[in-house]
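Morning, everyone. Let me put it on the screen.

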Amino acid sequence: MTTTSQPPAAGAVVAPVTAPGPVRQDDDGRRPRWQRVLFVLALVAAAVVFLLPFVWLVGASLRPREYVFAPGLLPTPFAPDNYARAWDAMPLFTWLFNSVVVGVAAAAAATLSSAWVAFGFAYFRFPGRNLLFGLVLATMMLPFAVTMIPTYLIWNRLGLVDTQVPLWAGNLFGSAFYIFLLRQFFLSLPREYFEAARVDGAGYPQLFWRMAFPLVRPALLVAFVFEFKASWTDLVKPLIYLRNEQLYTLPRGLKVILDRFGYGGEQQWEVVLAASVIATVPMIILFFLAQRHFVEGIATGGRKG
Amino acid sequence: MATTTVTPAVPGRRRRASLARREARWAYLFLAPWIVGFLAFTAGPMIASLWLSFTEYDVINSPRFTGLDNYRQLMSDPQVARSLGNTVYYTALHVPLVMAISLGLALLLKRVGRLSGFFRTVFYLPVMTPAVAVGILFLLLLNTQDGLINRGLALVGIDGPSWTTDPDWVMPGIVLMSLWSLGSTVIIYLAALQGVPRDLYEAAQLDGAGAWARFRHVTLPMISGALFFTLIVNTIASLQMFTEVYTMYFGNRQTAGSFSSDAASFYVIHLFREAFQFLHMGFASAMAWLLFLIILVITLVQVKLGNRFVYYEGEDR
């Protein structure tokens, strides 16, 4: 351990070397009050920077067309009918509905299949297990561009291009990140618990459905909300597979709105902004409902990776 | 093969062996969806795309073998070079900036106790925003005359650049946008920081280590795993940047005015257009394999270098 006290570099945490003594349980306890105030102020400044785009988005979406680019953040003059105009101009309800259906299908498929596969990796000991699991992890590194074209050709051959099936059906085969995540949770369940059930005559599918599956519900929710968000925000697949506007999901529709109402010549930016808010709000609500699961999923992925 | 460690008495052995076989059968049944999916949607397509990369293929006519033509063209195509250059430039700016700013924010979050939950939420909200909406939002925030960003710069006396129209400023504008969505990295760092045992800091303090020494010799080594992870993940992701930039500068919009979309061309965007707009499926497949190789090499180098600093050294570069 170095004993020379170097000058703190810019951005580093500046804390005086207090005399060693009884250290409080809480990290904050050791710091003088003015320092904590400084930290909070720095975070408030950062938070303002991160929130400003949202504030501007909502404010501008509520202003009349000629005021969209006006200085200031507030919706003055107030023009809430931008939303009605966006709603009427394009089939937003249909796209919203499509996004929900595709999102639920994608999330349910990914969660169920990944859990099934993850249980296989966690519970059983069989030849080739580590090799196969390594292969699962390796697929996470593969750029989607490599498989994008042949995958399109497969769905094309099956006659499913310009349907919503390719948007979620690929998830029926398990997804590497969720298999990895759920396996961690299954591994944490005591094995004796399952062996007792085996002695009582339970089959393996029963072990999975009746015992393991309910026990890892928090992790299943993590997988579900992540995949739902991934599906809701995805543009690539709808761009590749959907031609019919009635089948579009929200991001695909939003891109059309931008191309038609934004740069497409009409310059109706208030419509574009209102539609952007409509596409974003469900995700914000989802985050507040499932915040814990998002944080847990990211932190677990980061720690174990 | 029986894998149980207990050697049973002779009469039980055969039963155990058959049990193990049955267990293995069930194991593969559980793995079956993934194995099928891997063959059909990963391994199969990889082989197919490798084969296509040596052909000329427009979906309508059957592929025509052209040997190394696509790869030769790849090496001399100025648009490929431009998009690859842009992508590398973006990655080189985006990844270190995301890591540095996220670490700064995470260090602050760790020091404000219970308040951190609120700020963490604020930093994560942009990640929840659909990428298309992010692209639209920043297209307008970066607007030269009326965008919020240049208005803000004007407040401090800076004449902001033409972020969306000046080819030299398009990339910095995109990097700026990308920094808005760094919330996941903050959460990873905060989790790592919270996992550092408190007694390490106490011991360092007893030894007289100052704040910087504690950061350099305790914090950095202890979170080097998380730093390493985010380095790799963010690099792989930014080399595949697509949606936000495609939304802003590509698609059916007329790229009006003086602006040439080449300045905003990313590798995967160029690949996507080659494949699905111009139906150059063979050429696009060759592009995909080049990208795969680039990502593989960069990741291997990072892992190699990473092994040197993770857990041992506090320096990540």
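Start with a helix pair in chain B. Helix H4, residues 116-128, and helix H8, residues 183-194, have axes that come within 7 Å and cross at roughly 140°. Roughly antiparallel would take an angle over 145 degrees. H4(B) and H8(B) are therefore oblique to each other. Remember that this is a predicted model.

Which residues of H4(B) and H8(B) make the contact? From H4(B), we have B:Arg120, B:Phe123, B:Tyr124, B:Pro126 and B:Val127. From H8(B) come B:Gly183, B:Ser184, B:Val186, B:Ile187 and B:Leu190. By class, that contact has seven nonpolar, two polar and one charged residues.

Stay on H8 of chain B for a moment. B:Ala191 sits in this helix. Is B:Ala191 buried or exposed? The cut-off for buried is 20 or more other C-beta atoms within 10 Å. B:Ala191 has 20, so it counts as buried. Now look back along the chain to B:Leu176. B:Leu176 and B:Ala191 are 15 residues apart in sequence, and their C-alpha atoms are separated by 25 Å.

B:Val186, one of the H8(B) residues in the contact with H4(B), also leads us to another helix. B:Gly104 belongs to helix H3 of chain B. B:Gly104 has 17 other C-beta atoms within 10 Å, so it is partly exposed.

Next, helix H13 of chain B, residues 267-277. Eight of its eleven residues are buried, so H13(B) is largely enclosed by the rest of the structure. The buried ones are B:Tyr267, B:Val268, B:Ile269, B:His270, B:Leu271, B:Phe272, B:Glu274 and B:Ala275. What covers them? The cover includes three helices of chain B: H3 (78-110), H12 (243-249) and H14 (281-309). It also includes H5 (144-157) of chain A. After H13(B) comes B:Leu279, with a positive phi, near 55°.

Let's zoom out to chain B as a whole. Its secondary structure comes to 14 helices and two strands. Its radius of gyration is 26 Å, whereas a compact globule of 317 residues would be near 20 Å. Along the principal axes, the C-alpha atoms of chain B fill a box of roughly 85 × 70 × 35 Å. Of its 317 residues, 42% are buried. Take the contacts in chain B between residues at least 6 apart in sequence: 68% of those join residues at least 24 apart.

Now chain A. How many helices and strands does chain A have? There are 13 helices and zero strands. Of its 305 residues, 41% count as buried. Among chain A contacts with a separation of 6 or more, 73% are between residues 24 or more positions apart.

A word on annotation. An unreviewed UniProt entry lists "transmembrane region" for residues 37-59, 95-124, 131-155, 167-186, 207-226 and 271-290 of chain A. I'll take two of those against the model. Residues 37-59 of chain A are 100% helix, and the end C-alpha atoms lie 31 Å apart. Residues 271-290 of chain A are also 100% helix, with the end C-alpha atoms 30 Å apart.

Last topic: where the two chains meet. The contact takes 92 residues from chain B and 90 residues from chain A. On the chain B side, helix H1, residues 10-52, gives the most, with 18 residues. By class, that side has 61 nonpolar, 23 polar and eight charged residues.

Helix H12 of chain A, residues 250-262, packs with helix H5 of chain B, residues 131-141. The axes are 9 Å apart and the angle is about 25°. Angles under 35 degrees count as roughly parallel. H12(A) and H5(B) are therefore roughly parallel to each other. From H12(A), the contact uses A:Pro251, A:Leu254, A:Lys255 and A:Leu258. H5(B) supplies B:Val132, B:Ala133 and B:Ile136. By class, that contact has six nonpolar, no polar and one charged residues.

That's my tour. Over to you.

Note on methods: Residues are numbered from 1 along each chain as its sequence is written. Chains are lettered from A and ligands numbered from 1 in the order in which they are written. This is a predicted model: local features need pLDDT of at least 70, side-chain atom pairs count only at pLDDT 80 or more; totals for chains, interfaces and linings use all residues. Two residues are in contact if their C-beta atoms, placed from the backbone, lie within 7 Å. Helices (H or I, at least four residues) and strands (E, at least two) are DSSP runs, numbered from the N terminus. Ala, Val, Leu, Ile, Met, Phe, Trp, Tyr, Cys and Pro count as nonpolar, Asp, Glu, Lys and Arg as charged, and the others, Gly among them, as polar. UniProt positions are given in the numbering used here, feature names are shortened, and annotations may be inferred rather than shown by experiment. The radius of gyration is taken over C-alpha atoms; the globule rule is 2.2 Å times the number of residues to the power 0.38. A residue is buried if 20 or more other C-beta atoms lie within 10 Å of its own, exposed if 12 or fewer, and partly exposed in between; C-beta atoms are placed from the backbone. Axes are lines fitted to C-alpha atoms, for helices over the stretch in contact, and angles run from 0 to 180 degrees between N-to-C directions. Angles under 35 degrees count as roughly parallel, over 145 as roughly antiparallel, 65 to 115 as roughly perpendicular and the rest as oblique.
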